[in-house]
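Please look over the sequence and the three-dimensional model shown here before reading on. The report that goes with them moves from the whole chain to single residues.

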Amino acid sequence: MTMESLEQQKKTAEVASGHVYVMTHSFFSDVIRIGCSPEDPIKHAEILSSQSPGEYTVAFSLQCANPCKVKKQIREYLNAQEYVNEFYQVSPEVAKSLLKRETLRIPTLNT
């Protein structure tokens with residue numbers, strides 16, 4: 001792991017509030033991306049789309065405290081379905097269901 005990626009991981013782990021999101025990509029119908037961002041996830045999807053071929057679309061997002069910790073928990077649930085890095089071979093509905101279930105355990109900001 002490079003120093004840059006370690007710094008990025010540290011920054012995202014310290015996000016006090018923001019969004020956990022589930023994104024789909026125009027090239028992959030059965031793969032989703034799960035991530036966290038202090039920014040608006042739709043704007044984040046636009047930035048990602050401008051930096052790569054194809055387009056990202058937000059399938060679901062949840063505004064909450066400690067979004068990167070929530071993302072980590074969701075990733076642990078989906079570990080067996082991991083495709084590569086932040087991408088998982090599950091339907092957006094499955095990920096959305098997990099996020100909604102986790103809202104019972106995490107402090108959301110839009111309750």
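This is a predicted model: local features need pLDDT of at least 70, side-chain atom pairs count only at pLDDT 80 or more; totals for chains, interfaces and linings use all residues.

Residues are numbered from 1 along each chain as its sequence is written, and side-chain values use heavy atoms, with hydrogens and water left out.

## Overall layout

The protein has four helices and five strands, where helices (H or I, at least four residues) and strands (E, at least two) are DSSP runs numbered from the N terminus. Read from the N terminus on, these elements follow the order α-β-β-α-β-α-β-β-α. Of the 111 residues in the protein, 36% are buried; here buried means under 20% relative accessible area, exposed means over 50%, and partly exposed lies in between, with a 1.4 Å probe and protein chains only. The protein exposes about 6900 Å², and carbon and sulfur atoms supply 51% of that area, as computed by the Shrake-Rupley method with a 1.4 Å probe, where for residues only the protein chains shown count as cover. Among contacts (heavy atoms within 4.5 Å) with a separation of 6 or more, 67% are between residues 24 or more positions apart.

## Strand S2 and its partners

Strand S2 is mostly covered, with seven of its 10 residues buried. Strands S1 and S2 run antiparallel and are joined by seven bridges, and a hairpin of two residues links S1 to S2; two strands are said to pair if DSSP finds at least two bridges between them. Within this pairing, Thr 24 stands opposite Ile 32 in S2. S2 also runs antiparallel to strand S5 (residues 87-88), to which two bridges join it, and there Arg 33 stands opposite Phe 87 in S5.

Gly 35 lies in strand S2 and is buried, with a relative accessible area of 1%. Leaving out residues up to four places away in sequence, Gly 35 touches His 19, Val 20, Tyr 21 and Lys 71. Gly 35 and Pro 67 are 32 residues apart in sequence, yet 8.5 Å apart in space from C-alpha to C-alpha.

## The nonpolar cores

In soluble globular proteins, nonpolar side chains tend to be buried together. A nonpolar core is a set of buried Ala, Val, Leu, Ile, Met, Phe, Trp, Tyr and Cys residues joined through side-chain atoms within 4.5 Å. The largest nonpolar core holds 15 residues, of which Ile 32, Ile 34, Ile 74, Leu 78 and Leu 99 touch the most other members. The elements that give two or more residues to this core are strands S1 (17-25), S2 (28-37) and S3 (56-65), together with helices H3 (67-77) and H4 (92-102). A second, separate core has seven residues, including Tyr 21, Met 23, Leu 48 and Phe 87.

Ile 34 touches, beyond the residues up to four places away in sequence, Tyr 21, Lys 71, Ile 74, Arg 75, Leu 78, Glu 86, Tyr 88 and Ala 95.

## Helix H2

Which residues of H2 are buried? They are Pro 41, His 44, Ala 45, Leu 48 and Ser 49. Because these residues cover an arc of only 140° around the axis, they are on the same side of H2; the arc is that of the directions from the helix axis to the C-beta atoms. What covers the buried residues of H2 includes S1, S2 and S3.

His 44 lies in helix H2 (residues 41-50), and apart from its neighbours within four places in sequence it is in contact with Tyr 21, Met 23, Ser 37 and Glu 39. The side chain of His 44 makes a polar contact with the side chain of Tyr 21 at 3.3 Å. A polar contact is a pair of N or O atoms within 3.5 Å; within protein, one must be able to donate a hydrogen and the other to accept it, and residues adjacent in sequence count only if both atoms are side-chain atoms. Ser 50 also lies in helix H2, and its side chain reaches the backbone oxygen of Ile 47 at 2.7 Å.

Asn 66 lies in the loop between S3 and H3, and has a positive phi of about 50° although it is not a glycine.

| Residue | Relative accessibility | Class |
|---|---|---|
| His 44 | 16% | buried |
| Asn 66 | 31% | partly exposed |
| Ser 50 | 60% | exposed |
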